[in-house]
Amino acid sequence: MNKQRKFSIFRYNPNTPEIKPFMQEYVLEEVPGMTIFVALNKIREDLDPSLMFDFVCRAAICGSCAMVINGKPRLACKTLTSDLKGTITLMPLPVFRLIGDLSVDTGTWFRQLSLKTEAWIHSEKKFDPEAVEDRMDNRIALEIYEAERCIECGCCIAGCVTANIREDFLGAAGINRVARFMVDPRDERTPKQYFDVIGSDEGAFGCMGLMACDDNCPMQLPLQSQLAFVRRKMLAYGLWGK
Amino acid sequence: MNYTTIITDVLVVGAGLAGERAAIEAASHGLDVIILSLVPPRRSHSTAAQGGCQAALGNCAMGEGDSTDIHFNDTVKGSDWGCDQDVARLFVETAPKAVRQMALWGVPWSRVVAGKKVLPDGREIEDKKEKEGLITARDFGGTAKWRTCYTADGTGHTLQYAVDSVVIRLGITVHDRTEAISIIHDGETCLGVVARCLRTGELRIYLAKSTVIATGGYGRLYGASTNAIINEGTGMSIALDTGIVPLGNMEAVQFHPTGMVPVWILITEGARGDGGYLLDKNLHRFMPDYEPVKKELASRDVVSRRMIQHIRKGLGVDSPYGPHLWLDIRHLGAKHINTNLREIKNICMNFNGIDPVKDLIPVRPTQHYSMGGVRTNIDGAAYGLKGLFSVGEAACWDLHGFNRLGGNSLAETIVSGWIVGRKVADYTRGAELNYSYSLVQGFARKQQERIDKLISGLTGRENVYEIRREMEQTLMDYVAIFRNGPDLQKAVDKFQELHRRSQKIGLRSGGKWANPELTAALRLPGMLRLALCISYGALTRTESRGSHAREDYPKRDDVNWLKRTLAYWKEGADLPELRYEPVKITELPPGDRGYGESSASAAGGNKAN
């Protein structure tokens, strides 16, 4: 006989503000290998079809299902219930706009982040379909990919004190995104252009150095060293103009 | 009631790679474009493609001498001569250019590193100094050369991020969390869609000179699929519901050899391409017994069948989830696994608690790809309605015929997105938007009535999730890798019953706002019509070709079946109407694939005893 597990889940629909937010309890039998993905779908299909939450890939690739699980921002799809003690408490990520229950709008937030950091290759080069590609050292390609692995799940933002108190802070995801373009030889931006994007309290200097982002990142991105890298670049520009 | 109405030049439904690439092309030609998507673009299923993207660049040692001709031959053989060869030719010629364009847009393709290397089978190869720094490639199934370009273990992710970065740079409007639930048309021309907002539940009308369906595949009709949970064939379904747009080759369903038991998450073909083995319960490497030449790297349909054949001999490993086989990559070494195959390692650790550096991975063939879809011509224009286009997995362009090669789907997204996007732009610039607003409102009202009916519960109390589970199980039991007449007939009967029951769904949760039960209930009848197109098409096709393997008709039958199925659905019908059209053969006449069960001797009427 499998163990019964108790879930305590945040409920609120912004379309019906007259019903105040509350925590709702559900009890499920814990099957072997049960993840929060499996559990939430079971709850929706068998107990409460109105419950809102987001999953897409269910394989820790797409970044849709981040939520606060027993106090920590994590990807629900790869969190096993057997790794959690006692009642399992699920809350939506803070900072992001709530759509309903556990569902939050990370998409709009991250598109804004891309716009603010101009997160695309800045290049004057025109595409010539007949030409062979420019060469790149494979080590550089891997270095770019290391930073590009961010899946924009929002765990680093939700767990960040600065992001929770100031709305315009780009957070670790933003700083990492800029670092990704800084190491890319195809991007022709100057140090000044980067400084204008990230050399402020909204960017690299807003961070208080608590580094919860680094602890919470489900992709294990080296967010602490990315911050240090970007700050060094900003410092070099500030001191020597390059 | 008045509905919010939004008018644009081009409406793209689906923000995965194919949809976004087409949107960019249309926007670059000065057109207003709106993309609708179930999820934010960077959450699309395209990001899950780990393995790579085929293009005949010929840069790496094992790709030397590659050409578009060889890529063409591989693709046509892979399709078991079911593809349109003019499309395949256009595709292979464009793929190298598309891959290089992606390099300019920011994809950090893995590059050639010069020097000698020893492959897992002992062969020594040397990457030349003069190729160093060019885009490299890895080995994939069914290919004569190493041709699959990749970004470490995250090819789809880096492609989607690069393409989406261009969408953002160009300021293309994306309405995410929006689902197209009906195509608006006047019987000749497509006028746009009725869409439901998945934030508020509101119905909206989108009117456009051209509409592009780019919603991906229908993998989630099956109970065990590698696909993301949003892959429910929504775009194909609304195209079918027009009654005049056909779906092509819906019976052609790809099973990927290595879905991980029991969560069915994909272990990329790159694992075998890089030298991984398949083992049975005695830890015997069995694929060379069946396929001495291609071994683990025959095409996916062949490897999947060999695996099931081997399991049926009692050589599978027993588990609570049914028998499975092992994927062994331990001999590739920790360094290789931790960089080039890191995603596999993460998936194994996170979802199974195993470490592929020292453990075997439990695998079984799992539904993976929909070769069929909205039938289009070589320009991506859908049959039946002017102004309607389709790209990517949602479309039957038809590049893949009855079996898609690994690495050809990512390549298809960026190639067809580019080509079809240009054709959409050409069409749209010459088109006008003429509509009767009462006709348009009629389409929205019809959807509102469906919703009201579901909420009221007056038509019945059927449970949407119960019907859905029965559909998933029926497809797994009767319309999977090996098929036969009696089983397929059972499936068709069952889906007809479920389709009738799906008209009597009653919600249990009120259905207000963006209610998820209502979302599921609105989709399910269309999903069952797709299931009927798949199973009825499979029942009628009395031959074996590519992924469609009939135990009662084990041979390919070029005399009677060298043709494409077109499925139409007339309003109120309980079965699709099937018509057929010839396959375009321009260069390579039907022959033997060189792997798999021999198909060369196929002729008419070779029913098995």
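What percentage of the 242 residues in chain A is buried? In this predicted model, buried residues account for 56% of the chain. The accessible surface of chain A amounts to about 10,900 Å², and carbon and sulfur atoms contribute 54% of that area. Along the principal axes, the C-alpha atoms occupy a box of roughly 65 × 40 × 30 Å. Among the contacts in chain A with a separation of 6 or more, 63% link residues 24 or more positions apart. The chain carries 30 positive and 32 negative side chains, with the centres of the two sets 4 Å apart.

The secondary structure of chain A comprises nine helices and seven strands. Five strands form an open sheet with mixed pairing, in the order β2-β1-β5-β3-β4. Strands β2 (22–29) and β4 (72–75) of chain A each have a single partner strand and stand at the edges, so one side of each lacks a neighbour in the sheet. On average, neighbouring strands of this sheet are turned by 35° against each other, direction ignored.

Within the sheet, strand β3 (residues 66–69) of chain A pairs with strand β5 (residues 88–91) of chain A in the antiparallel sense, over two bridges. Ile69(A) has Leu90(A), in β5(A), as its bridge partner.

Key
Residues numbered from 1 in each chain as written. Chains lettered and ligands numbered in written order. Predicted model: local features only at pLDDT ≥ 70, side-chain atom pairs only at ≥ 80, totals over all residues. Heavy atoms only, no water. Helix = DSSP H or I, 4+ residues; strand = E, 2+ residues; numbered from the N terminus. Buried < 20%, exposed > 50% of the residue type's maximum accessible area, 1.4 Å probe, protein only. Contact = heavy atoms within 4.5 Å. Areas by Shrake-Rupley, 256 points an atom, 1.4 Å probe, with all protein chains shown as cover. Lys, Arg positive; Asp, Glu negative; His and termini not counted. Charge placed at Lys NZ, Arg CZ, Asp CG, Glu CD. Pairing = 2+ DSSP bridges. Axes fitted to C-alpha atoms, helices over the stretch in contact; angles between N-to-C directions.
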